[in-house]
2 protein chains.
Amino acid sequence: MDQFFEEALTQAKKSFQEGGIPIGSVLVHNGQIIGKGHNRRIQRDSVILHGEMDALESAGRQEAAIYKQSVIYTTLSPCPMCTGAILLYGIPKVVIGENKTFLGSEALLKQHGVEVIVLNNQECIELMRDFIQKNPNEWNEDIGEEVL
Amino acid sequence: MDQFFEEALTQAKKSFQEGGIPIGSVLVHNGQIIGKGHNRRIQRDSVILHGEMDALESAGRQEAAIYKQSVIYTTLSPCPMCTGAILLYGIPKVVIGENKTFLGSEALLKQHGVEVIVLNNQECIELMRDFIQKNPNEWNEDIGEEVL
(Lines give C-alpha, C1' and ligand atoms only; values in the text may rest on other atoms or scores of the structure.)
Protein backbone atom coordinates (compact mmCIF):
# COMPACT_ATOMS: atom_id res chain seq x y z
CA MET A 1 0.00 0.00 0.00
CA ASP A 2 1.16 3.53 -0.87
CA GLN A 3 2.72 5.08 2.26
CA PHE A 4 0.68 8.29 1.88
CA PHE A 5 -2.62 6.50 1.50
CA GLU A 6 -1.61 4.38 4.48
CA GLU A 7 -1.16 7.52 6.59
CA ALA A 8 -4.59 8.80 5.50
CA LEU A 9 -6.05 5.46 6.60
CA THR A 10 -4.18 5.68 9.90
CA GLN A 11 -5.78 9.10 10.41
CA ALA A 12 -9.23 7.63 9.68
CA LYS A 13 -8.65 4.86 12.22
CA LYS A 14 -7.45 7.41 14.78
CA SER A 15 -10.72 9.31 14.36
CA PHE A 16 -12.68 6.06 14.73
CA GLN A 17 -10.84 5.29 17.97
CA GLU A 18 -11.72 8.77 19.23
CA GLY A 19 -15.41 8.05 18.55
CA GLY A 20 -15.32 10.30 15.50
CA ILE A 21 -16.21 9.92 11.85
CA PRO A 22 -13.48 7.72 10.32
CA ILE A 23 -12.24 9.84 7.45
CA GLY A 24 -8.58 10.79 7.19
CA SER A 25 -6.48 12.81 4.80
CA VAL A 26 -2.92 13.83 4.05
CA LEU A 27 -1.45 16.57 1.88
CA VAL A 28 1.76 15.58 0.12
CA HIS A 29 4.26 17.89 -1.53
CA ASN A 30 7.29 16.57 -3.37
CA GLY A 31 7.08 13.18 -1.69
CA GLN A 32 6.71 14.65 1.81
CA ILE A 33 3.63 14.85 4.02
CA ILE A 34 3.10 18.53 4.81
CA GLY A 35 -0.34 18.18 6.42
CA LYS A 36 -2.49 15.46 7.87
CA GLY A 37 -5.76 15.26 9.71
CA HIS A 38 -9.12 13.66 10.14
CA ASN A 39 -12.77 14.52 10.51
CA ARG A 40 -13.38 16.32 13.82
CA ARG A 41 -17.14 16.91 13.78
CA ILE A 42 -17.68 14.91 16.92
CA GLN A 43 -14.34 15.51 18.63
CA ARG A 44 -14.48 19.31 18.31
CA ASP A 45 -18.12 19.93 17.41
CA SER A 46 -16.81 21.27 14.13
CA VAL A 47 -18.94 21.62 11.01
CA ILE A 48 -16.00 22.51 8.77
CA LEU A 49 -13.24 20.15 9.90
CA HIS A 50 -13.80 17.32 7.45
CA GLY A 51 -10.68 15.19 6.97
CA GLU A 52 -9.38 17.13 3.97
CA MET A 53 -10.01 20.50 5.62
CA ASP A 54 -8.18 19.36 8.74
CA ALA A 55 -5.20 18.22 6.63
CA LEU A 56 -5.11 21.54 4.77
CA GLU A 57 -5.35 23.49 8.03
CA SER A 58 -2.60 21.43 9.64
CA ALA A 59 -0.28 22.21 6.70
CA GLY A 60 -0.57 25.89 7.60
CA ARG A 61 -0.23 28.83 5.24
CA GLN A 62 1.53 27.68 2.10
CA GLU A 63 2.49 29.51 -1.06
CA ALA A 64 0.15 28.98 -4.00
CA ALA A 65 2.92 27.16 -5.89
CA ILE A 66 3.17 24.50 -3.16
CA TYR A 67 -0.50 23.52 -3.43
CA LYS A 68 -0.21 23.41 -7.20
CA GLN A 69 2.50 20.72 -6.90
CA SER A 70 0.74 18.72 -4.21
CA VAL A 71 -1.41 15.62 -4.00
CA ILE A 72 -4.21 15.23 -1.47
CA TYR A 73 -5.11 11.77 -0.20
CA THR A 74 -8.47 11.18 1.42
CA THR A 75 -10.11 7.97 2.57
CA LEU A 76 -13.56 9.04 1.26
CA SER A 77 -14.74 10.78 -1.90
CA PRO A 78 -14.59 14.54 -1.16
CA CYS A 79 -17.85 16.37 -0.39
CA PRO A 80 -18.67 19.69 -2.11
CA MET A 81 -16.91 21.73 0.61
CA CYS A 82 -13.66 19.76 0.46
CA THR A 83 -13.87 19.69 -3.34
CA GLY A 84 -14.17 23.48 -3.29
CA ALA A 85 -11.10 23.77 -1.05
CA ILE A 86 -9.14 21.56 -3.46
CA LEU A 87 -10.23 23.79 -6.36
CA LEU A 88 -9.53 27.02 -4.46
CA TYR A 89 -5.93 26.01 -3.86
CA GLY A 90 -5.47 24.36 -7.24
CA ILE A 91 -4.36 20.97 -5.94
CA PRO A 92 -3.96 18.98 -9.18
CA LYS A 93 -4.39 15.40 -7.93
CA VAL A 94 -6.68 13.62 -5.48
CA VAL A 95 -6.30 10.01 -4.38
CA ILE A 96 -9.54 8.69 -2.87
CA GLY A 97 -9.84 5.63 -0.64
CA GLU A 98 -13.39 4.82 -1.67
CA ASN A 99 -16.54 6.28 -3.19
CA LYS A 100 -18.99 3.46 -2.46
CA THR A 101 -20.22 4.89 0.86
CA PHE A 102 -20.50 8.41 -0.49
CA LEU A 103 -19.87 9.82 -3.94
CA GLY A 104 -18.65 13.38 -3.60
CA SER A 105 -18.02 16.00 -6.26
CA GLU A 106 -15.58 13.95 -8.32
CA ALA A 107 -17.20 15.12 -11.56
CA LEU A 108 -16.57 18.76 -10.63
CA LEU A 109 -12.94 18.00 -9.82
CA LYS A 110 -12.49 16.33 -13.21
CA GLN A 111 -14.24 19.21 -14.98
CA HIS A 112 -11.55 21.46 -13.56
CA GLY A 113 -8.76 19.20 -14.75
CA VAL A 114 -7.98 17.57 -11.41
CA GLU A 115 -6.65 14.03 -11.66
CA VAL A 116 -8.87 11.74 -9.59
CA ILE A 117 -7.81 8.25 -8.56
CA VAL A 118 -10.26 6.01 -6.70
CA LEU A 119 -8.83 2.98 -4.89
CA ASN A 120 -12.04 1.52 -3.48
CA ASN A 121 -10.05 0.16 -0.60
CA GLN A 122 -11.94 -2.43 1.43
CA GLU A 123 -10.66 -1.24 4.79
CA CYS A 124 -12.00 2.28 4.14
CA ILE A 125 -15.38 0.88 3.13
CA GLU A 126 -15.60 -1.29 6.25
CA LEU A 127 -14.57 1.51 8.60
CA MET A 128 -17.36 3.70 7.24
CA ARG A 129 -19.91 0.88 7.23
CA ASP A 130 -19.10 0.12 10.85
CA PHE A 131 -19.34 3.77 11.90
CA ILE A 132 -22.57 4.50 10.02
CA GLN A 133 -24.29 1.38 11.37
CA LYS A 134 -23.69 2.62 14.91
CA ASN A 135 -24.04 6.35 14.28
CA PRO A 136 -26.40 7.00 11.37
CA ASN A 137 -27.43 10.43 12.67
CA GLU A 138 -23.88 11.76 13.00
CA TRP A 139 -23.08 10.58 9.50
CA ASN A 140 -26.18 12.21 8.02
CA GLU A 141 -25.32 15.42 9.84
CA ASP A 142 -21.84 15.37 8.34
CA ILE A 143 -23.19 15.35 4.80
CA GLY A 144 -26.01 17.83 5.45
CA GLU A 145 -28.79 15.25 5.34
CA GLU A 146 -31.81 14.89 7.55
CA VAL A 147 -31.38 12.83 10.69
CA LEU A 148 -33.67 9.79 10.56
CA MET B 1 -29.41 48.79 5.06
CA ASP B 2 -30.57 45.26 5.90
CA GLN B 3 -29.63 44.52 9.53
CA PHE B 4 -28.07 41.16 8.60
CA PHE B 5 -25.95 42.58 5.83
CA GLU B 6 -24.96 45.34 8.22
CA GLU B 7 -23.69 42.76 10.71
CA ALA B 8 -21.69 41.01 7.97
CA LEU B 9 -20.13 44.38 7.12
CA THR B 10 -19.40 45.01 10.81
CA GLN B 11 -17.59 41.64 10.87
CA ALA B 12 -15.55 42.66 7.79
CA LYS B 13 -14.56 45.94 9.44
CA LYS B 14 -13.63 44.10 12.62
CA SER B 15 -11.27 41.90 10.61
CA PHE B 16 -9.80 44.99 8.94
CA GLN B 17 -9.15 46.57 12.33
CA GLU B 18 -7.39 43.38 13.43
CA GLY B 19 -5.10 43.64 10.39
CA GLY B 20 -6.96 40.82 8.68
CA ILE B 21 -8.68 40.35 5.35
CA PRO B 22 -11.90 42.38 5.54
CA ILE B 23 -14.55 39.81 4.68
CA GLY B 24 -17.41 39.11 7.05
CA SER B 25 -20.39 36.79 7.07
CA VAL B 26 -23.50 35.93 9.04
CA LEU B 27 -25.79 32.92 8.98
CA VAL B 28 -29.45 33.78 9.55
CA HIS B 29 -32.23 31.37 10.43
CA ASN B 30 -35.85 32.51 10.77
CA GLY B 31 -34.85 36.15 11.16
CA GLN B 32 -32.19 35.42 13.78
CA ILE B 33 -28.42 35.45 13.46
CA ILE B 34 -27.21 31.99 14.48
CA GLY B 35 -23.58 32.38 13.37
CA LYS B 36 -21.22 35.17 12.46
CA GLY B 37 -17.57 35.51 11.66
CA HIS B 38 -14.86 36.90 9.46
CA ASN B 39 -11.79 35.85 7.56
CA ARG B 40 -9.06 34.73 9.97
CA ARG B 41 -6.18 33.86 7.63
CA ILE B 42 -3.89 36.44 9.18
CA GLN B 43 -5.27 36.48 12.71
CA ARG B 44 -5.08 32.68 13.18
CA ASP B 45 -2.85 31.61 10.31
CA SER B 46 -5.86 29.70 9.02
CA VAL B 47 -6.23 28.54 5.43
CA ILE B 48 -9.85 27.43 5.88
CA LEU B 49 -11.39 30.20 7.99
CA HIS B 50 -12.77 32.39 5.25
CA GLY B 51 -15.62 34.61 6.45
CA GLU B 52 -18.39 32.21 5.50
CA MET B 53 -16.57 29.21 7.01
CA ASP B 54 -16.05 31.11 10.25
CA ALA B 55 -19.75 32.03 10.38
CA LEU B 56 -20.75 28.39 9.78
CA GLU B 57 -18.33 27.17 12.43
CA SER B 58 -19.54 29.73 14.95
CA ALA B 59 -23.13 28.52 14.45
CA GLY B 60 -22.04 25.10 15.71
CA ARG B 61 -23.60 21.77 14.80
CA GLN B 62 -27.07 22.37 13.40
CA GLU B 63 -29.69 20.00 12.08
CA ALA B 64 -29.85 19.71 8.30
CA ALA B 65 -33.32 21.30 8.32
CA ILE B 66 -31.94 24.48 9.93
CA TYR B 67 -29.41 25.10 7.16
CA LYS B 68 -32.07 24.45 4.55
CA GLN B 69 -34.15 27.34 5.95
CA SER B 70 -31.23 29.73 6.37
CA VAL B 71 -29.70 32.62 4.47
CA ILE B 72 -25.98 33.31 4.46
CA TYR B 73 -24.74 36.87 4.07
CA THR B 74 -21.19 37.53 2.97
CA THR B 75 -19.46 40.77 2.08
CA LEU B 76 -17.60 39.18 -0.88
CA SER B 77 -18.60 36.73 -3.60
CA PRO B 78 -17.94 33.23 -2.17
CA CYS B 79 -14.84 31.36 -3.32
CA PRO B 80 -15.06 27.69 -4.42
CA MET B 81 -14.49 26.41 -0.85
CA CYS B 82 -17.20 28.56 0.72
CA THR B 83 -19.50 27.81 -2.22
CA GLY B 84 -18.93 24.10 -1.58
CA ALA B 85 -19.80 24.53 2.11
CA ILE B 86 -23.03 26.33 1.15
CA LEU B 87 -23.90 23.47 -1.23
CA LEU B 88 -22.94 20.77 1.30
CA TYR B 89 -25.37 22.16 3.85
CA GLY B 90 -28.03 23.09 1.31
CA ILE B 91 -28.30 26.76 2.27
CA PRO B 92 -30.85 28.05 -0.26
CA LYS B 93 -30.00 31.77 -0.38
CA VAL B 94 -26.81 33.83 -0.43
CA VAL B 95 -26.67 37.63 -0.14
CA ILE B 96 -23.34 38.97 -1.40
CA GLY B 97 -21.91 42.40 -0.59
CA GLU B 98 -19.93 42.69 -3.81
CA ASN B 99 -18.41 40.70 -6.67
CA LYS B 100 -16.31 43.42 -8.30
CA THR B 101 -13.12 42.63 -6.35
CA PHE B 102 -13.50 38.89 -6.78
CA LEU B 103 -16.10 36.85 -8.62
CA GLY B 104 -16.51 33.53 -6.83
CA SER B 105 -18.52 30.47 -7.82
CA GLU B 106 -21.87 32.23 -8.18
CA ALA B 107 -22.63 30.28 -11.37
CA LEU B 108 -22.22 26.97 -9.52
CA LEU B 109 -24.53 28.18 -6.74
CA LYS B 110 -27.19 29.13 -9.28
CA GLN B 111 -26.76 25.81 -11.12
CA HIS B 112 -27.72 24.13 -7.86
CA GLY B 113 -30.79 26.30 -7.42
CA VAL B 114 -29.34 28.64 -4.79
CA GLU B 115 -30.80 32.14 -4.88
CA VAL B 116 -27.95 34.64 -5.26
CA ILE B 117 -28.37 38.35 -4.56
CA VAL B 118 -25.48 40.73 -5.24
CA LEU B 119 -25.64 44.17 -3.63
CA ASN B 120 -22.40 45.64 -4.98
CA ASN B 121 -22.16 47.73 -1.86
CA GLN B 122 -19.60 50.54 -2.15
CA GLU B 123 -18.33 50.18 1.42
CA CYS B 124 -17.44 46.51 0.81
CA ILE B 125 -15.63 47.39 -2.41
CA GLU B 126 -13.62 50.15 -0.72
CA LEU B 127 -12.68 47.99 2.26
CA MET B 128 -11.27 45.34 -0.07
CA ARG B 129 -9.54 47.89 -2.33
CA ASP B 130 -7.89 49.45 0.69
CA PHE B 131 -6.74 46.10 2.08
CA ILE B 132 -5.44 44.75 -1.23
CA GLN B 133 -3.53 47.93 -2.01
CA LYS B 134 -1.58 47.53 1.23
CA ASN B 135 -1.43 43.71 1.33
CA PRO B 136 -1.48 42.28 -2.20
CA ASN B 137 0.40 39.13 -1.18
CA GLU B 138 -1.96 38.19 1.63
CA TRP B 139 -4.92 38.67 -0.67
CA ASN B 140 -3.40 36.52 -3.41
CA GLU B 141 -2.62 33.84 -0.86
CA ASP B 142 -6.25 33.85 0.30
CA ILE B 143 -7.51 33.02 -3.19
CA GLY B 144 -4.75 30.53 -4.02
CA GLU B 145 -2.92 32.80 -6.42
CA GLU B 146 0.78 33.36 -6.84
CA VAL B 147 2.33 36.08 -4.71
CA LEU B 148 3.73 38.82 -6.94
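Let's start with the contact: 34 residues from chain A and 34 residues from chain B take part, where contact means heavy atoms within 4.5 Å. This is a predicted model, so local features need pLDDT of at least 70 and side-chain atom pairs count only at pLDDT 80 or more, while totals for chains, interfaces and linings use all residues. Residues are numbered from 1 along each chain as its sequence is written, chains are lettered from A in the order written, and side-chain values use heavy atoms, without hydrogens and water.

Now the area. Chains A and B bury about 2,800 Å² between them, 61% of it on carbon and sulfur atoms. That is accessible area (1.4 Å probe) lost on putting the two together, summed over both.

Next, charges. Four salt bridges cross the interface of chain A and chain B. The rule is a side-chain nitrogen of Lys or Arg within 4 Å of a carboxyl oxygen of Asp or Glu. One joins A:E141 to B:R61, at 2.7 Å, N to O. On the side of chain A that touches chain B, helix 5 of chain A gives the most, with seven residues. Helices here are DSSP runs (H or I, at least four residues), and strands are E runs of at least two, numbered from the N terminus.

Last, a ring pair. B:F4 and B:Y73 are tilted, because their centres lie 5.7 Å apart and their planes meet at 55°. Rings of Phe, Tyr and Trp (its six-membered ring) pair with centres within 6.5 Å; planes under 30 degrees apart are stacked, over 60 edge-to-face, the rest tilted. B:F4 sits in helix 1 and B:Y73 in strand 3 of chain B, 69 residues apart.
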